[in-house]
Amino acid sequence: MFEIKTPSRIHMGLIDMNGGLGRLDGSVGLALADGGISLRAKRSDSVIVTERFENGDVLPCDPVFAAQIAGIAAALLPENEGALFEFSSPVRQHIGLGSGTQIALSTATAVNELYGLGKSVKELAQITRRGGTSGIGVLAFEHGGFIVDSGHNAADKNGFLPSSRSTAPPANMLLRLDFPDWDVIVAIPPKVGISGEEEKHFFQSVCPVPIEEVRETSHIILMQMLPAIIEQNIEGLGNAVNSLQKLGFKKHEVAVQPPEVKTVIDLMLKNGLYGAGISSFGPAVYGFSEDKNQSEEIRSLLLEKMPPGSEVLITKANNKGAEYHG
């Protein structure tokens, strides 16, 4: 039996959606200890996809999800071979925590290990078409921590596109740092972010962003965000996160959020969290705290004010990446 537990991730922003220097994308983000994917798998004669619930019940997965997993597995499985996949519930997609990449890579890694295919994480990401815009999810899976990726040479990518529509190889890592032992509060309203054709249209409607905003974004990351993490200055990190919400591609991601997401941002800032940022296209909103009591108080407040069905996680950074054995 093969077992794997992946991190989730917060995506703090794409750096260069202008392309004036001949490169596109580039991004910053952080692997999280909670909210990822837990999967058990073993060899089988066919592809079977199940879900284990907290009460111990194991049932067939939703047919759409099962078809998604079967498609990923088919790209790697040897001829006439299969696998049984058992995911731990819940698996939520399109909420801004990178579950699509973690689902793809956990499934692909399971097949890779069960059948001794010997492929690297980067090869698995390319086969499953992940990392073609932001490399944060792939690199978080492999390494954990706080990550800055290199983006893509414009010659290797067919325009401003989300990863799901990009044929570019996964972005390389520019920088990886162990993240301090701060609480990361992640609030998730009961909505989903944009995806598919809507996401593709969004990219093409707002890009290229002004080069001046790309430069300011880069300045904040290089001279405020990175020093704050290295020096363990949580206030500096929060200020950098807040500034990034008003610039470049991230500014447009924030603008399309529903009112309940913007309410969460206001509540986080008014109640003392350091920073309040949209992860990817949302609806997940994140902030930082160095006080466990404060974290618990803000979690209670957010759940009281947010719509029914909302979730609030108090978690930490994952500085290891995915863990697996078997």
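**Salt bridges and overall fold in a predicted model**

Trainee: How many salt bridges does the structure hold?
Mentor: This is a predicted model. Side chains of opposite charge can pair when their charged atoms come close. In this structure the number of salt bridges is nine.

Trainee: Which residue does the side chain of lysine 251 meet in a salt bridge?
Mentor: Lysine 251 is partly exposed, at 31% relative accessibility. The N to O distance in its salt bridge is 2.9 Å, and the partner is glutamate 213.

Trainee: How many residues apart in sequence are the parts that lysine 251 and glutamate 213 tie together?
Mentor: Lysine 251 sits in helix H8 (residues 248-255), and glutamate 213 belongs to helix H6 (residues 211-230). The pair therefore links parts of the chain whose separation in sequence is 38 residues.

Trainee: Is glutamate 213 buried or exposed?
Mentor: Buried means under 20% relative accessible area. Glutamate 213 has 16% relative accessibility, so glutamate 213 counts as buried.

Trainee: What separates glutamate 253 and lysine 250 in helix H8?
Mentor: Their side chains meet in a salt bridge, 2.8 Å from N to O. Glutamate 253 is buried at a relative accessible area of 4%, and lysine 250 is buried at 2%. The two are three residues apart in helix H8, so the separation is about one helical turn.

Trainee: What is the relative accessible area of arginine 176?
Mentor: The side chain of arginine 176 forms a salt bridge with that of aspartate 178, at 2.6 Å from N to O. Arginine 176 is partly exposed, and its relative accessible area is 25%.

Trainee: How many disulfides does the count come to?
Mentor: A disulfide is a covalent bond between the sulfur atoms of two cysteines. The cut-off for a pair of cysteine sulfur atoms is within 2.5 Å. Cysteine 61 is buried at 11% relative accessibility, and cysteine 207 is buried with a relative accessible area of 11%. By the cut-off, the count of disulfides is zero.

Trainee: What radius of gyration does the protein chain have?
Mentor: The C-alpha atoms fill a box of roughly 55 × 50 × 35 Å along the principal axes. A compact globule of 326 residues would have a radius of gyration near 20 Å, and the chain agrees with that, at 19 Å.

Trainee: What percentage of the 326 residues in the protein chain is buried?
Mentor: The chain contains 10 helices and 15 strands. Among contacts with a separation of 6 or more, 76% come from residues 24 or more positions apart. The buried share of the 326 residues is 54%.

Key:
Residues numbered from 1 in each chain as written. Predicted model: local features only at pLDDT ≥ 70, side-chain atom pairs only at ≥ 80, totals over all residues. Heavy atoms only, no water. Salt bridge = Lys/Arg side-chain N within 4 Å of Asp/Glu carboxyl O. Buried < 20%, exposed > 50% of the residue type's maximum accessible area, 1.4 Å probe, protein only. Helix = DSSP H or I, 4+ residues; strand = E, 2+ residues; numbered from the N terminus. Rg over C-alpha atoms; globule rule 2.2 N^0.38 Å. Contact = heavy atoms within 4.5 Å.
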